[in-house]
Amino acid sequence: ILKIDNLWGFENITKLQLDNNIIERIENIQFLVNLTWLDLSFNNISVIEGLEGLTKLTDITLYNNRISKIENLDDLVNLNVLSIGNNNLTLLEDVEEAKGKYMDDLIALEEEEKVANSRKEEDMKLQEMELLYQSAHIEGIDKLFNSMFQDDPDFQKLVAIDKVIINDLKDELKPKIDLILEDLSKFCLKRHEEIQEEKSIFDNCKFQNQNYHDLECIKILNEYQHSKKQLFRTIHLNKEVDVDEIIKNLKDNTQELSDILMSHEMQLVEQFEDIIKEFERTYIELSAGITEIGQTSMSRIRELENEFHEKFSETVMLLFDRYNKGDVEEEVEDSIRDLLSDKDALLNTVNQSHDFRLSKFDHQEDILVTGVAKVNELVLNKTHDTEVQRNRNRLCEIITFLEKCNAEIEQLEESSY
């Protein structure tokens, strides 16, 4: 190609590759405003020009041309890559000037990418943590204390009476509850890990036992198949053999095979029963510990909440008395004045706030206890159902195989007379 031309119908293209030609000028592409990638390497271009208006261009390759000066790149505000090696650049200051001109943008872009990658990593870690907390049935426990107050409309009304005093009460409660919740979280996560390890041990034990019996049965099956083929071949190739005796041997061998396969399956069933019982005992014990600690922790938190409620009620009543005695000097908002004008309504609001926090604890405890119970039922039922289904499938395999063998023997017996 000698000249860039005839691109008028391609206004929407984003990539243009014209490398390895004999183009001398960059021209007739200003209207390609959606262009993001341009390759003009290995041509005869001597001047950087004709790029006005290509603001979306991020990558331009001018490698191996005849360019002697870096210029006319001002419109390329989104340019990330400029490949201009193997040209006639003799004025290094031009190169340095161009580098300096775009260096700030490149540094800014790198910083943006670092920030974006950092946020992405943090989001992934947060998602992984949330999934782990869900698996351990403690989702939301790290946000429980803040939600106790932030989600409570009654508390938001009451705290406005005197933010300093009431928030001091709340701040006094926070480390006590946080400590209990932190210990509970650590325990649940550790116990969750132990349960996963127990599952892994259980699965490996099942695999080892089944693998042993499978290998033994395969060896016996191979021996049977080899013997059967030899006896079949004997009858087909030698008409003077005692067919009755060979048929009898085939039937005896098949019955013996049946006894052996069934014996292995019975042994495996008995072994699996013992393995499942041990797994069930350990699993229930580990899970029960979670429920017990969870209920104990929530009981301690309720005690702290009851103590807080008493102090909170006393504080609100003192503020009520101060207001009604006229000891409050600063101007009071209408909403607070309405709240402090009716003692019964005020006490009712305080009690509702208390009930709200208790309901938060109940909900958190229910997530833990119910979650553990549901997973227990699911895991243990699945364990038994999987073994029952495995046993049925294996018995069907054995019976189907033996029926096929007996059918082949009967067919051989009929054809031999």
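**Salt bridges and nonpolar cores**

In this predicted model, the count of salt bridges comes to 23. Side chains of opposite charge can pair when their charged atoms come close. One of these pairs is formed by K190 and E194, whose closest N and O atoms are 2.6 Å apart. Both residues belong to helix α4 and are separated by 4 residues, about one turn of the helix. E194 is partly exposed, with a relative accessible area of 24%.

A salt bridge also joins the side chains of E413 and K251, at 3.5 Å from N to O. Because E413 lies in helix α7 and K251 in helix α5, this pair ties together parts that are 162 residues apart in sequence. E413 is partly exposed, at 24% relative accessible area, and K251 is likewise partly exposed, at 38%.

E305 and R357 form a further salt bridge, with 2.9 Å between the closest N and O atoms. This pair links distant parts of the chain, with E305 in helix α5 and R357 in helix α7, 52 residues apart. Both E305 and R357 are buried. Through salt bridges that share partners, D152, E305 and R357 are joined into one network.

The largest nonpolar core comprises 50 residues, of which M148, I161, L173, I177, F312 and L346 touch the most other members. Helices α2, α3, α4, α5, α6 and α7 each give two or more residues to this core, and α5 gives the most, with 17 residues. Beyond its neighbours within four places in sequence, M148 is in contact with L173, I177, F356, R357, K360 and F361.

Notes
Residues numbered from 1 in each chain as written. Predicted model: local features only at pLDDT ≥ 70, side-chain atom pairs only at ≥ 80, totals over all residues. Heavy atoms only, no water. Core = buried A, V, L, I, M, F, W, Y, C linked by side-chain atoms within 4.5 Å. Buried < 20%, exposed > 50% of the residue type's maximum accessible area, 1.4 Å probe, protein only. Contact = heavy atoms within 4.5 Å. Salt bridge = Lys/Arg side-chain N within 4 Å of Asp/Glu carboxyl O.
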